[in-house]
Amino acid sequence: MRWQDMERSQNVEDRRGRSLGRIPVGGKPGILVLLVVLVAGYYGVDLTGLLGGGVSQAPTSLQQRAPQASGDDSLAEFTKVVLKQTEDLWQHFFRGLGRNYEPPRLVLYSGTTETACGYGQAAMGPFYCPADRKLYIDLSFYNDMQSKLGGGGDFALGYVVAHEVGHHVQNLVGTAEQVRNLQARLDQRGANQVSVLMELQADCYAGVWGHSVARSGRLEGGDLEEALRTATAIGDDRLQRRSQGRVVPDSFTHGTSEQRYSWFKRGFDTGNPAQCNTFDSLR
Ligand SMILES: [Zn+2]
């Protein structure tokens, strides 16, 4: 994607290099409570199987991270450009509905950071916290994604950012709340199925962002393939096979590789969020 000359979003908080040395809570119970809140209240791309960490590990003492890699600033700039693109895009669609789009804030952090959903950790991958309407990204995930998925590229990072913004849109229009209410009445298996529909919708919204980039003439050869390869690589079936050697469909929360691929593609091809009707299968 040709982005260097494009406008950056101003809705950015840069907390990099300010990792919390120690989680300031007393004793294990406090940590456990915080982690439970986090698991229940945030929406990520779920790269935990890929990154090898996860929210179940209590972070008692975290080392200060090494100085930023040199590529980090370019990634940060690119992330701000993508955020600005999503602001313009969603402002356009919200205006069409007679509404005003309130953009999320992006927090760039390194290591660990405080959020209204609990403590964010790099190992969780990028996530959105509905309680404070912020996107949290530790850019180191991108290196993991590149080395472990055998790919990456700027458009793959854009897909991840646009997916998290998709969760913000779901939060604004009330989808997230409806989903939570529905999940409260379902068993675990049913709740997981609804979670998949929500994630696939966010993938489709990310595709709508991709469509807008294509229409502005800024796509480069291989960009779409990068995003589709990423969508495929982070399917639940693929990640489970990778981390535990087998696939348990009832435990899927984000969708299979095939589903993630096709919903991103649908958003990309149509450029229309109304086509991202993953919940229609429930009617
Ligand atoms: Zn998600």
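This is a predicted model: local features need pLDDT of at least 70, side-chain atom pairs count only at pLDDT 80 or more; totals for chains, interfaces and linings use all residues.

Guide: Residues are numbered from 1 along each chain as its sequence is written, and side-chain values use heavy atoms, with hydrogens and water left out.

Visitor: Why is the pair of Phe-264 and Phe-268 called stacked?
Guide: The ring centres of Phe-264 and Phe-268 are 6.3 Å apart, which is within 6.5 Å, and their planes are at 25°, which is under 30, so the pair is stacked. Both residues lie in helix H10 (residues 257–270), four residues apart, about one turn of the helix. Helices (H or I, at least four residues) and strands (E, at least two) are DSSP runs, numbered from the N terminus. Ring pairs also link Trp-90, Phe-93 and Tyr-205 into a cluster.

Visitor: How do you know whether Phe-127 is buried or exposed?
Guide: Buried means under 20% relative accessible area, exposed over 50%, and partly exposed in between (1.4 Å probe, protein chains only). Phe-127 has 0% relative accessibility, so Phe-127 counts as buried. Tyr-136, at 1%, is buried as well. Phe-264 and Phe-268 are also buried.

Visitor: What makes Arg-218 and Asp-5 a salt bridge?
Guide: A salt bridge is a side-chain nitrogen of Lys or Arg within 4 Å of a carboxyl oxygen of Asp or Glu. For Arg-218 and Asp-5 the distance from N to O is 3.0 Å, and their side chains meet in a salt bridge. Arg-218 lies in the loop between helix H7 (188–215) and helix H8 (223–233), and Asp-5 in the segment before strand E1 (12–15), so the pair ties together parts that are 213 residues apart in sequence. Asp-5 has a relative accessible area of 60%, so Asp-5 is exposed. The whole structure holds 14 salt bridges.

Visitor: How are Asp-88 and Lys-84 placed in helix H3?
Guide: Asp-88 and Lys-84 are four residues apart in helix H3 (residues 72–96), about one helical turn. Their closest N and O atoms are 2.7 Å apart, and the two form a salt bridge. Asp-88 is partly exposed at 45%, whereas Lys-84 is buried at 14%.

Visitor: Why is Lys-265 given the class it has?
Guide: Lys-265 has 25% relative accessibility, so Lys-265 counts as partly exposed. Asp-269, at 46%, is also partly exposed. The side chains of Asp-269 and Lys-265 meet in a salt bridge, 3.0 Å from N to O.

Visitor: What does Lys-80 touch?
Guide: Lys-80 is in helix H3 and is buried, with a relative accessible area of 17%. Contact means heavy atoms within 4.5 Å. Not counting residues up to four places away in sequence, Lys-80 touches Glu-7, Arg-8, Ser-9, Val-12 and Leu-108.

Technical notes. Rings of Phe, Tyr and Trp (its six-membered ring) pair if their centres lie within 6.5 Å; planes under 30 degrees apart count as stacked, over 60 as edge-to-face and the rest as tilted.
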